Amino acid sequence: MIFNDIIGQNRTKSFLLQLAQSERIPHALLFLGPTGSGNLALAIAFAQLLQCEKRQTAHGFFAESELTTNNQQRTTNDEQRTTESACGVCPACRKAAQFAHPDIHFSFPSVGPNAVSTNFLKEWRAFLSENPYADVNTWLQRLGAENKQGNITKDECNAIIKKLSLKAFEGRYKILVMWLPEYLGKEGNRLLKLIEEPPEQTIFLLAAENQEAILNTILSRCQLVKTDLLSDEEVAEGLMEKRSLHADRARQIAFLAGGDFGAALTVADNPENDDARLLLDWLRKCWRGNAVELVRWTEEFAKLGRENQKQFLHYGLHFLREMMTLIATGNPNLRLRPDELSTAQNMVKVLDFEKIGRLVSLFNDNVYYIERNANPKILFLDTSIQMNKILKTAS
Ligand SMILES: [Zn+2]
């Protein structure tokens with residue numbers, strides 16, 4: 001993975017390029033940013049950059065004179081410079097691109113009391129190849145562990161200590177990329193000494209999403225590299241580039257994904273999930289009742305076109321009726337997928353039969369109005385306001 005494979009995050013990329021150029025790489029960097037912002041992808045790209053055999057000679061971009069005398073041009077050449085970051089073709093880059101460089105080690109949450117990451121490398125490589133922005137639930141599902149807690153175990157920590165005590169095989173550095181140090185729990189204490197006084201040429205690249213869930217003792221030993229929430233425009237551009245989507249379609253998905261590029265790729269790859277995501281997103285926004293957010297949602301929704309709006313409302317009716325069955329019978333054996341079911345189960349905690357009934361008639365009315373060419377912006381904004389009232393009324 002090279003920096004150009006990663007959407008947005010230009011500020012962070014520039015910082016990392018300068019860091020690599022300086023050759024004063026901290027022992028431990030913590031890439032911190034929201035889910036789907038690409039912090040793992042950036043950590044992996046940075047590891048490849050450090051191992052690239054051609055890095056320092058790449059078109060002289062790292063020549064010192066240029067760094068000091070030509071600052072302005074360096075800024076305007078940002079894009080070009082990132083193209084040249086890691087060469088992408090040397091043996092080290094080729095191995096790194098397949099997540100198989102012998103001096104780039106990976107550690108990540110897995111399942112089982114004695115689990116070690118090396119036992120899951122095949123799944124891990126496939127996971128990264130498909131969607132390096134995906135979230136931890138998607139990963140744990142892949143391991144067949146939807147309902148189990150993932151963790152980074154004591155055995156894994158010991159395996160890391162052992163791996164990093166060996167000499168580098170062929171790279172300039174020994175690099176450990178750890179995804180989600182949040183999952184270390186107290187076992188993280190086993191790594192403190194190693195992170196503080198690592199063997200020569202050893203670098204830790206941690207990619208995390210939730211600062212509060214990381215041991216303070218680990219945090220304090222890392223230099224923070226923050227990644228930003230991606231904008232809708234960046235997500236849309238990423239979808240056009242990586243999935244060859246039409247601009248309108250890419251914008252719709254980006255709007256749903258709310259800055260999470262992993263979720264956007266999942267929607268792009270599984271179009272049948274669209275209505276479910278759209279509905280859940282809408283319900284959440286109606287629940288929050290933020291006027292600006294709802295106006296924006298309505299404007300985007302209005303662009304979908306009548307047939308799609310109708311289909312969406314029919315899906316919503318199906319979902320609401322299944323929820324009524326759930327309340328009436330307590331029977332979770334419904335015609336909902338697991339993620340829809342868990343949402344339905346959470347929602348029945350705050351919605352009773354009567355409220356859901358009111359939502360059903362609201363959706364039915366909307367089908368009627370849409371068929372009669374009502375203005376979708378006005379219609380759905382009004383509906384959003386009514387839904388907010390229904391959701392927020394005490395039962
Ligand atoms: Zn290279």
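Buried, in this talk, means under 20% relative accessible area. By that cut-off C90 is buried, because its relative accessible area is 2%. C286 counts as buried too, at 0% relative accessibility.

What you see above is a predicted model. I will start with the whole chain and then go to the parts.

The protein chain has 395 residues, and buried residues make up 51% of them. It exposes about 18,900 Å², with carbon and sulfur atoms supplying 49% of that area. The secondary structure comes to 20 helices and five strands. Now the contacts: among those in the protein chain with a separation of 6 or more, 76% are between residues 24 or more positions apart.

Which residues touch the most other members of the largest nonpolar core? They are F31, F46, V177, W179 and L205, in a core of 66 residues. Helix α2, residues 39-51, gives the most to this core, with 10 residues. Apart from it lies another core, of 40 residues, including F255, W282, L294 and V360.

After α17 comes G330, with a positive phi near 65 degrees.

Last, back to cysteines. A disulfide is a covalent bond between the sulfur atoms of two cysteines. How many disulfides does the count come to here? With a cut-off of 2.5 Å between cysteine sulfur atoms, the count comes to zero.

Technical notes
Residues numbered from 1 in each chain as written. Predicted model: local features only at pLDDT ≥ 70, side-chain atom pairs only at ≥ 80, totals over all residues. Heavy atoms only, no water. Helix = DSSP H or I, 4+ residues; strand = E, 2+ residues; numbered from the N terminus. Buried < 20%, exposed > 50% of the residue type's maximum accessible area, 1.4 Å probe, protein only. Contact = heavy atoms within 4.5 Å. Areas by Shrake-Rupley, 256 points an atom, 1.4 Å probe, with all protein chains shown as cover. Core = buried A, V, L, I, M, F, W, Y, C linked by side-chain atoms within 4.5 Å.
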